[in-house]
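Reader: I am new to reading structures. Please take one part of this one and go through it closely, in short sentences.

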Amino acid sequence: MTEDTGIAGNEHDAEAERELSWRAKSVGLAAVDIDDAELLHGWRSDPVTAYEIGIWPRSLTAMRERIERDGDDDDRDDFLILLPDSTPIGHIALSGQNIVNGTAQVELMLAPQHRGHGHGTDALDALVDLAFGELPMHRLTAETHTDNAPALAVLAKSGFVHEGISRAACLHRGRRHDLAVFSLLRPEWEALNRPRAWDA
Ligand SMILES: CC(C)(COP(=O)(O)OP(=O)(O)OC[C@H]1O[C@@H](n2cnc3c(N)ncnc32)[C@H](O)[C@@H]1OP(=O)(O)O)[C@@H](O)C(=O)NCCC(=O)NCCS
């Protein structure tokens with residue numbers, strides 16, 4: 001079975017009776033569940049994807065344990081990104097939430113076959129609206145290596161401001177790469193001229 005076929009099979013398993021936590025333009029967000037471990041593990045198992053999102057692939061057991069641990073942590077919210085027909089197409093998270101400082105990080109990954117259709121931007125806009133519209137966040141940050149053109153484009157499109165470079169901060173295929181650091185502040189979100197997730 002190819003990886004794509006496996007993902008498609010799991011997509012259909014995972015879509016049963018999925019409740020949306022948050023809706024947006026072309027996608028919905030549903031809280032990640034322990035049963036999603038295989039799906040997430042499939043997406044993250046490719047070393048290139050792992051490099052794109054700054055992780056190293058883990059075992060399925062470790063993935064399950066992580067979902068359980070993350071479920072107990074109150075400093076992060078993890079969501080599956082779903083198409084209107086409930087097909088899961090990716091993962092997005094608001095991690096490192098510090099309610100006192102009003103800060104958090106965003107993490108985003110789409111399955112390769114679902115990229116390039118605007119879903120990444122819609123999911124990120126939705127998460128940003130959740131962070132500023134429902135949670136008292138003031139500053140969101142995101143990081144990606146400097147030659148990850150799709151990620152740089154999505155962050156800029158969602159209003160994130162490039163604030164600096166962490167030099168030589170990640171390793172891929174034997175070479176050190178720089179990380180671009182982005183942030184979005186509450187007043188910048190307020191000034192964005194686009195409908196909010198709750199208008200969708
Ligand atoms: C980054 C990622 C989420 C983008 O999602 P996506 O749904 O493919 O992106 P979108 O279709 O919403 O595209 C948004 C913008 O990026 C641009 N873009 C998409 N792919 C691109 C590419 N390969 N090169 C340059 N620009 C690109 C699009 O043209 C679009 O801009 P436009 O509307 O002005 O044309 C997706 O590529 C992904 O999951 N990558 C691996 C994980 C990752 O890198 N995560 C880091 C996120 S910080």
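Predicted model: local features only at pLDDT ≥ 70, side-chain atom pairs only at ≥ 80, totals over all residues.

Author: S86 is partly exposed, because 17 other C-beta atoms lie within 10 Å; a residue needs 20 or more to be buried. S86 sits in the loop between β3 (77-82) and β4 (88-98). Its backbone stands out: S86 is not a glycine, yet its phi is positive, about 75°. Most residues other than glycine have a negative phi.

R173 is another such case. R173 is not a glycine, and its phi is positive, about 50°. R173 is found in the loop between β7 (161-172) and β8 (175-185). R173 counts as exposed, because it has 8 C-beta neighbours inside 10 Å.

Now the ligand. The shell around the ligand holds 23 residues. The closest are R115, G120, T121, P150 and A153. Which elements give two or more residues to this shell? They are α3 (47-53), β5 (103-110), α5 (119-133), β6 (139-145) and α6 (149-157). Sorted by class, the shell has eleven nonpolar, nine polar and three charged residues.

α6 gives the most to the shell, with seven residues. Which residues of α6 are buried? They are A151, V154 and L155. Seen down the axis of α6, these buried residues fall within an arc of 95°, so they line one face of the helix. On the other side of α6, A149 and A153 are exposed. A153 is also among the residues closest to the ligand. What do the buried residues of α6 pack against? Their partners are α3, α5, β6 and β8. After α6 comes G159. The phi of G159 is positive, near 100°.

E52 is found in helix α3. Leaving aside neighbours within four places in sequence, E52 is in contact with N148 and A151. A151 is one of the buried residues of α6. E52 is partly exposed, because 17 other C-beta atoms lie within 10 Å of its own. Look also at E52 and R175. They are 123 residues apart along the chain. Their C-alpha atoms are separated by 14 Å.

Next comes α5. This helix has 15 residues. From its first C-alpha to its last, α5 reaches 20 Å. That is close to the 21 Å expected at 1.5 Å a residue. Is α5 largely enclosed or largely open? Of its 15 residues, 14 are buried, so α5 is largely enclosed by the rest of the structure.

D70 lies in helix α4. D70 is partly exposed, because 15 other C-beta atoms lie within 10 Å. Setting aside neighbours within four places in sequence, D70 is in contact with R76 and D78. D70 and A104 are 34 residues apart in sequence. In space, C-alpha to C-alpha, they are 15 Å apart.

D75 counts as exposed, because it has 12 C-beta neighbours inside 10 Å. Leaving aside neighbours within four places in sequence, D75 is in contact with G96 and Q97. D75 and N98 are 23 residues apart in sequence, but 6.8 Å apart in space, C-alpha to C-alpha.

Finally, step back to the protein chain. Its secondary structure comes to seven helices and eight strands. The C-alpha trace spans about 45 × 45 × 35 Å along its principal axes. Does the radius of gyration agree or disagree with that of a compact globule? For 200 residues, a compact globule would have a value near 16 Å, and the protein chain has 16 Å, so the two agree. Buried residues make up 32% of the 200 residues.

Conventions:
Residues numbered from 1 in each chain as written. Near = placed C-beta within 6 Å. Helix = DSSP H or I, 4+ residues; strand = E, 2+ residues; numbered from the N terminus. Nonpolar A, V, L, I, M, F, W, Y, C, P; charged D, E, K, R; others polar. Expected span 1.5 Å × (residues − 1). Rg over C-alpha atoms; globule rule 2.2 N^0.38 Å. Arc of directions from axis to C-beta. Contact = placed C-beta atoms within 7 Å.
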